[in-house]
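Here is a short walk through a protein structure. Keep the sequence and the 3D view open as you read.

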Amino acid sequence: MAVHQYVNSLQELEAAIEQFKNISMQVSSTPSRNENTEHLINDFPIFIIVSGTKDENGVSWCPDCEKADPVLEEAEQSLAPEPSAFITVYLTREEWKNPKNVFRTDGRFRLTSIPTMLKWPNREPKLVEAQCADIDAIKEFFDECCPQDQD
Amino acid sequence: MSVLKICTKSFAASLGRQSERSLKKIYRISSSFRTFSTEGKLEYDLVVIGGGSGGLACAKEAVAQGARVAVLDYVQPSPRSTKWGLGGTCVNVGCIPKKLMHHASLLGEAIEDARSFGWRIPGNAEIDWLAMRDAVQDHIKSVNWVTRVSLRDNKIEYVNGRGHLADANTVVATLHNKKEVLLKTKNVVVAVGARPKYSTAIGAQELGISSDDIFSLEKPPGKTLVVGGGYIGLECAGFLNGFGYPSTVMLRSVPLRGFDQQMASMVVNEMEGRGVNFICKCVPESLSKTLDGRILVKWNTTPGASGGSGQGEDVFDTVLFAVGRKAVTDSLALDKAGVETHRETGKIFTTNEQTNVPNIFAVGDVLHRKPELTPVAVQAGRLLARRMFGNDKTLMDYDNVATTVFTPLEYGFVGLSEEESEKRHGPENLEVYHAFYKPTEFSIPQKDMSNCYIKVICLRKEPRTVLGMHFVGPNAGEVIQGFSAAMKCRITMEQLLDTIGIHPTVAEEFTRLTITKRSGMDPNPQACCS
């Protein structure tokens, strides 16, 4: 399970990242049958999804983003590391098509297509386009970003 | 810090949630092996142990030939706890980061050269180690990822676990959570490669690093001692020096042992001219930490050697051991299947990549007495898979494999060294053509050209087959590559000298050779286009 914020610009994204960095997440677990421990986790992965805005019917102008949406939601529920944070950045068609768009030019992103999912602050590995709608690819991506050392 | 409780719809009654979470964990583990039965056994045509250059090439070709394949890959952390992803040594801690750092280092030099060509460049160029390292690591991660996606696209089962043999048809993969998975297979390819050795000096393992660590080092290396005069040591010292970190190389015996020694001395001369300090015929005795957190190294003359730099000591920020690589066969339990390995090196004896056990094969750096190069492992792996599952019977040809040492002034060659040529044919049956040359672009910035040298060794009798071609100079890899195709066609000296060069290049010097060592004439260039 994860916490999710939705933003519309680089400034909002940076603010959301800052916010996530300043919180702890309280996670409950039951390692043995009757014990119920809660611990605070300060350091959790932050995943960023850059996607296309939706119209008044909730449909995105970006067809790949539209296909990826339900799959990413399912992945967030059942596959994402626990805990983790997600931030989706919504860009309008005009914003994305502009070759000078900050998500294309900024060295921290250098995106060439949307939807793209990456783990902040790494540019690689990342999921692009059809990979975002592929539950197996998403699983590999989480595995690659957050290798489980012990379980 | 504020505390955020996760309150989602599904975060209902605590006990119910816990069991669902533990179910999710099982899902996450088992879903990566969704094709495994609950006992964890499954029949494969081929299990490849090692996801590096050789292993992956073999696996992909095998799948293309219709085989059912699984690849195991696992990285034992270095003594400094460095780890990396899928792709093997080349991608993570070898060829790729090496070439990138070598290039980054040369770019610093190019910035300075640019001034003499009229560029106005304010201030002095300085390397930001972390920025350079991050750029390199970013690229490596993208390759790790592409490799992983490619395995999935090729329908190759990827197991991130440490492999060993239970018997000739069973590979056991031990996962990160200690769980074991059994893979039953008709064939096994061992492609586990090798890892750096450390010297036996006191404190070497505790305080030293290796090529496993240098490419992801968290802080600038500073004043560095590189122990080892093979290509790994020289290349590392080369780019570190180019970045501005004072570098020293300690050689036990000779540089680039086994390579053409005349060419090796050119490479070393060039490095010395650029400020790399060489300590000759010495081995480190001890490493210890100083009060200010640096490393005191004490060294002495190599046992049995004479001359050399003699006993000494100095303080360094980093000590990098590049004293050889050992095959990672110890933990494979090869004896369970009866596979024979070399007692000291751990390397596997093979004939046409087949071990003494008929269904167990090996490719890459793990092979006894074969070149430790990515393209060799890739080609051998591919041809092996074709022989195993296809109709192609082509065997791997390990001769005339071109290679390049990426020192500041690069050394590329294909074929035999002068020493090896003399050993095989006798000096009286050889003709050695040689020349110093002047790269056009070196003149204006007044770069040192005294080590720009080429040499071609051929048979004296008709048809004067070329045995070896050697080149020290810029872009040596690019220069030599084409000539290795010519060597494959058994090019003769006549054909080489009949070839018309491209002007102005450095590669064309091979077509302009006229002076032989036997003539005693001066191999220095007279004029440009004569």
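Start at A:Cys146. Its sulfur is 5.3 Å from the closest cysteine sulfur, in A:Cys145, which is too far for a bond. A disulfide needs two cysteine sulfur atoms within 2.5 Å. A:Cys146 counts as buried, because its relative accessibility is 18%. Bear in mind that this is a predicted model.

B:Cys282 is in no disulfide either. The nearest cysteine sulfur belongs to B:Cys280 and is 7.8 Å away. B:Cys282 is buried too, at 1% relative accessibility.

A:Cys62 and A:Cys65 form a disulfide, with their sulfur atoms 2.3 Å apart. The torsion about its S-S bond is about 75°, so this disulfide is right-handed. A:Cys62 is buried, with a relative accessible area of 4%. A:Cys65 counts as buried as well, at 3% relative accessibility.

Now turn to the aromatic rings. A search of the whole structure finds 20 aromatic pairs over all chains. Take B:Tyr198 and B:Phe321. Their ring centres are 5.6 Å apart and their planes meet at 45°, so the pair is tilted. Where do the two residues lie? B:Tyr198 is in the loop between strand 8 (194-196) and helix 6 (204-207) of chain B. B:Phe321 is in strand 16 (residues 318-321) of chain B. The pair therefore ties together parts that are 123 residues apart in sequence. B:Tyr198 counts as buried, at 14% relative accessibility. B:Phe321 is buried with a relative accessible area of 1%.

B:Phe471 and B:Phe510 give another tilted pair. Here the distance is 6.1 Å centre to centre, with 40° between the planes. This pair also links distant parts of the chain, 39 residues apart. B:Phe471 sits in strand 23 (residues 466-473) of chain B. B:Phe510 sits in the segment after helix 14 (493-498) of chain B. Both B:Phe471 and B:Phe510 are buried.

Rings can also gather in a group. A:Phe47, A:Phe86, A:Phe141, A:Phe142 and B:Trp145 form one aromatic cluster. Look at which chain each of these names carries.

B:Lys223 lies over the face of B:Phe316, at 5.1 Å from the ring centre. The charged end of B:Lys370 sits over the ring of B:Tyr398, 5.0 Å from its centre.

Finish with helix 9 (residues 261-273) of chain B. What span should its 13 residues have, at 1.5 Å a residue? They should span 18 Å. The end C-alpha atoms are 18 Å apart, which agrees.

Look at both ends. B:Asp260 caps the N-terminal end of helix 9 of chain B. A side-chain oxygen of B:Asp260 lies 3.1 Å from the backbone nitrogen of B:Gln262. Helix 9 of chain B is followed by B:Gly275, whose phi is positive, near 105°.

Which residues of helix 9 of chain B are buried? They are B:Met263, B:Ala264, B:Met266, B:Val267, B:Val268, B:Glu270 and B:Met271. An α-helix has 3.6 residues a turn, so residues three or four places apart point the same way. What covers them includes helix 8 (231-243), strand 12 (277-279) and strand 20 (410-415) of chain B. The cover also includes strand 21 (430-436), strand 22 (453-459) and strand 23 of chain B. Strand 23 of chain B is where B:Phe471 lies.

Methods. Residues numbered from 1 in each chain as written. Chains lettered and ligands numbered in written order. Predicted model: local features only at pLDDT ≥ 70, side-chain atom pairs only at ≥ 80, totals over all residues. Heavy atoms only, no water. Phe/Tyr/Trp six-rings, centres within 6.5 Å; stacked < 30°, edge-to-face > 60°. Helix = DSSP H or I, 4+ residues; strand = E, 2+ residues; numbered from the N terminus. Buried < 20%, exposed > 50% of the residue type's maximum accessible area, 1.4 Å probe, protein only. Lys NZ or Arg CZ within 6 Å of the ring centre and 35° of its normal. Expected span 1.5 Å × (residues − 1). Contact = heavy atoms within 4.5 Å. Polar contact = N/O pair within 3.5 Å; in protein donor to acceptor, adjacent residues only side chain to side chain.
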